[in-house]
Number of protein chains: 4
Amino acid sequence: MLGAPVHIAVIGAHLKNDSVEELAEAVGRQIGMAGAVLVSGGGTGVMEAASRGAKGEGGLTIGILFEASRSDANEFIDVAIPTGLGHMRNSLVVQTADAVIAVGGAWGTLSEIALARCHDKPVVLLASWGLERPDGEPLDVLVAETPEDAVRLALGAI
Amino acid sequence: MLGAPVHIAVIGAHLKNDSVEELAEAVGRQIGMAGAVLVSGGGTGVMEAASRGAKGEGGLTIGILFEASRSDANEFIDVAIPTGLGHMRNSLVVQTADAVIAVGGAWGTLSEIALARCHDKPVVLLASWGLERPDGEPLDVLVAETPEDAVRLALGAI
Amino acid sequence: MLGAPVHIAVIGAHLKNDSVEELAEAVGRQIGMAGAVLVSGGGTGVMEAASRGAKGEGGLTIGILFEASRSDANEFIDVAIPTGLGHMRNSLVVQTADAVIAVGGAWGTLSEIALARCHDKPVVLLASWGLERPDGEPLDVLVAETPEDAVRLALGAI
Amino acid sequence: MLGAPVHIAVIGAHLKNDSVEELAEAVGRQIGMAGAVLVSGGGTGVMEAASRGAKGEGGLTIGILFEASRSDANEFIDVAIPTGLGHMRNSLVVQTADAVIAVGGAWGTLSEIALARCHDKPVVLLASWGLERPDGEPLDVLVAETPEDAVRLALGAI
C-alpha cells in the first residue's frame, strides 16, 4: 500500500509568515525528494507551504483538516480527511506520521509537539518552541538548523 | 488535488461473511471503474473486500482505522489514517465521503448509516438494516438491489 | 464517589415534540426516584424533558454537550461537559452510562442506539426506532411499553 | 445548575512524585475552599492529589478519563466521564474549565497547556514547563509561586 513509505508530519502555524513558510516549503521539498509521504493539518501557512514543496517534487500529501468539509483543504493536498474536530484533530496528525517536524509554530503547534511525544513519535524542532521540562530532565527532542538537517534527523530517528 | 474526485464510503461488518463480501467486492469494483475514491474503515470483512475490488480497477482507497497504528490497515488500503478512536472513528469515515453505501452490516454499520444522515450524506442500503422511524415518516435513504445499482444510486444522489 | 450509583442515559431528539417529551420526563422522574444518575446530551427536547424529570425527584444530571461551551446546557443539567464534537459526542454519552433508554428519536438517536450496542450497553426502546438486522438474527435490545417499564428493564439489564 | 460555579482544571503528570503532589493537593484545597468545581483527567498522581484536596474542603470534582470505563477514575472523583480517547481527551479537560492550573507535568500536561491557550483559557503554571515562543513574543500565561497564588491568579483571570 502507499501507506508503506515513511510518513512525516510537518506542523506549524496557519497564519502568514514569509520566512517561516520558506523554511516549511524547503522541508516539504526534502520530504518529497526522499519519497516520503507528507502529513499535515491541510490548512494555510506552514501546512500549505510544506505541501507545495512536497508536491513540487512529486510527493504525496495528506491533510487532516480542522474543518468538516474536504473543500477546506489547501490546493496542494492529495488526500483530505475532514474532521470537524478543531484542535482535537492535532492528535490525528501526529498519530498518522512516523516522525514530526515543527517549523516555527504557535499554541496549536506546541500541542502537536507534545502529543507526538505522548505517542513516542520522534520530534524535530526547526526555528520552533523553546522548551524546558519541569524536572530539568533532558527533552528528548531533536533540534535542526536547516530544512535539510530537519528531514535528515527525522528520517534517521524513525 | 486527488480530493476533487467523488469519494464514496463503503461500510459493513469486519467479521467474515462470504456472500456479503462478494457484494462488497462488486461495489468496490464499480467504484474503482467510476474513478471515485473509496473510503472505508480500513479493516477486515466488507472493508477489505470493497477495497480489493476498487484496487483491482485501479482505484484509490482510504482507510480510517479503528486502531492507532497504520499497520492495522488491510493490504488494499493506499492511505491509512490510524485514529485509535475505536467506534468514534465511524463519524470520520462518513464525513470523508460524499455518499455512503452500506453492505450488510452489524451495529457499527448502523451507527455509520445514522451518522451519515446526521451529516446529510446520501445513504444507499444493499442487503443491509431494515429501519422504521419512530414517527413513521419516510426514511430518506436509498435501497439498492445489486452492487451496480448501489453505486449508480450513490453517484446520482451526490 | 457519586460515580458509584447506576448511570442511565436517556437519548432522543432535540426538536420539540410534546407527546415524546412527556414520556421522556416520566422516564427522568423514574430515574431520579431510583437514585440513578441521568446522563444525556444536555440539549433541548427529550434531553431537557428527561433532565427536568430527574431534577424534580432530586436526581443528579450529567450533560455531554454537542457544543463547545458549558452555557449551551439546558437549565436542568448539574454537570455539563462541553465537547464541541458535534455528533461524535454521541459515543461519549453512551460510554458514560450503564444502560441507555431511547425515547422516540431521529438519526442522532439511532447512532446512539447503535454505538451503545457496540459498547455492549443494554438498550431499551420506548416509542423509538424499528430495527431489523441484515441477517435476520434477533436484535438484542429491549422494548418497553411505558416509562416505568423502560426504567425497570434498564435497571434489570445492568 | 451546578455548572454555574467557576470550573478550574488542574493538570499534571500521573506518575508518583511526592513534592509535586503536595503542591497539587494544596491547589485542590484552595479550589474547594473557593467553591469552585475541580476538573481533571481523573487519574493518578497530580490528578488524584488535587481531587483529594478539593474533596477535603467539600468541593465537587469532575474527572474526564483517558480510559473507557468509569471505574478507572480515582476515588476522589464525583463525576467520571470515561472517554477511551487516550490523550485526545486532554482537549475535553481544558474545554470544560474556565481556567487551567498546571502543576509540574510531562508531555501530556504540555499538550493541555497548549490546547487551553488554543481555546483562550487562562493558564497558570506552578513549578511547570518553561516555554519560549518561536517568535520571541510574550507568552500570555501566568506563573505562580505558591498554590494559593496559583488559584488566586486563576480566579482573577476568568
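## Exercises on two chain interfaces

Chain C and chain B have two residue pairs in polar contact, both at pLDDT 80 or more. The model is predicted. Work through the exercises below with the structure open.

**Exercise 1. Describe the side of chain C that touches chain B by element and by residue class.**

Solution. 
- Step 1: find the elements. In chain C, α3 (90-95), α4 (107-118) and β7 (130-132) each give at least two residues to the side that touches chain B.
- Step 2: find the main supplier. α4(C) gives the largest share of that side, nine residues.
- Step 3: sort by class. The side of chain C that touches chain B has 16 nonpolar, 10 polar and three charged residues.
- Step 4: Between chain C and chain B the count is zero.

**Exercise 2. State the extent of the contact between chain C and chain B, and find which residues of chain C lose the most area.**

Solution. 
- Step 1: count residues. 29 residues of chain C contact 28 residues of chain B.
- Step 2: pick the quantity. Interface size is often given as the accessible area lost when the parts come together.
- Step 3: give the area. Chain C and chain B bury about 2,300 Å² between them, and carbon and sulfur atoms give 76% of it.

**Exercise 3. Find how β7(C) pairs with a strand of chain B.**

Solution. 
- Step 1: locate the partner. The partner is strand β7 (residues 130-132) of chain B.
- Step 2: read the sense. The two strands run antiparallel, joined by three bridges.
- Step 3: B:Leu131 stands opposite C:Leu131 in β7(C).

**Exercise 4. Carry out the analysis for chain A and chain D.**

Solution. 
- Step 1: count residues. 28 residues of chain A are in contact with 29 residues of chain D.
- Step 2: give the area. About 2,300 Å² is buried between chain A and chain D, 76% of it on carbon and sulfur atoms.
- Step 3: name the main residues. A:Met88, A:Trp107 and A:Pro134 supply 32% of the area that chain A buries against chain D, more than any other three residues.
- Step 4: check polar terms. Chain A and chain D have zero salt bridges and two residue pairs in polar contact, both at pLDDT 80 or more.
- Step 5: assign elements. α3 (90-95), α4 (107-118) and β7 (130-132) of chain A each give two or more residues to the side that touches chain D. The largest share, nine residues, comes from α4(A).
- Step 6: sort by class. That side of chain A has 16 nonpolar, nine polar and three charged residues.
- Step 7: pair the strands. β7(A) and strand β7 (residues 130-132) of chain D pair in the antiparallel sense over three bridges. A:Leu131 stands opposite D:Leu131 in β7(D).

**Exercise 5. Is D:Ser91 buried or exposed, and what does D:Ser91 touch?**

Solution. 
- Step 1: D:Ser91 lies in helix α3 (residues 90-95) of chain D.
- Step 2: apply the cut-off. Buried means under 20% relative accessible area. D:Ser91 has 1% relative accessibility, so D:Ser91 counts as buried.
- Step 3: list contacts. Leaving out residues up to four places away in sequence, D:Ser91 touches A:Met88, D:Leu115 and D:His119.

Notes
Residues are numbered from 1 along each chain as its sequence is written. Chains are lettered from A and ligands numbered from 1 in the order in which they are written. This is a predicted model: local features need pLDDT of at least 70, side-chain atom pairs count only at pLDDT 80 or more; totals for chains, interfaces and linings use all residues. Side-chain values use heavy atoms; hydrogens and water are left out. Contact means heavy atoms within 4.5 Å. Buried area is the accessible area (1.4 Å probe) that two parts lose on being put together, summed over both. A salt bridge is a side-chain nitrogen of Lys or Arg within 4 Å of a carboxyl oxygen of Asp or Glu. A polar contact is a pair of N or O atoms within 3.5 Å; within protein, one must be able to donate a hydrogen and the other to accept it, and residues adjacent in sequence count only if both atoms are side-chain atoms. Helices (H or I, at least four residues) and strands (E, at least two) are DSSP runs, numbered from the N terminus. Ala, Val, Leu, Ile, Met, Phe, Trp, Tyr, Cys and Pro count as nonpolar, Asp, Glu, Lys and Arg as charged, and the others, Gly among them, as polar. Two strands pair if DSSP finds at least two bridges between them. Buried means under 20% relative accessible area, exposed over 50%, partly exposed in between (1.4 Å probe, protein chains only).
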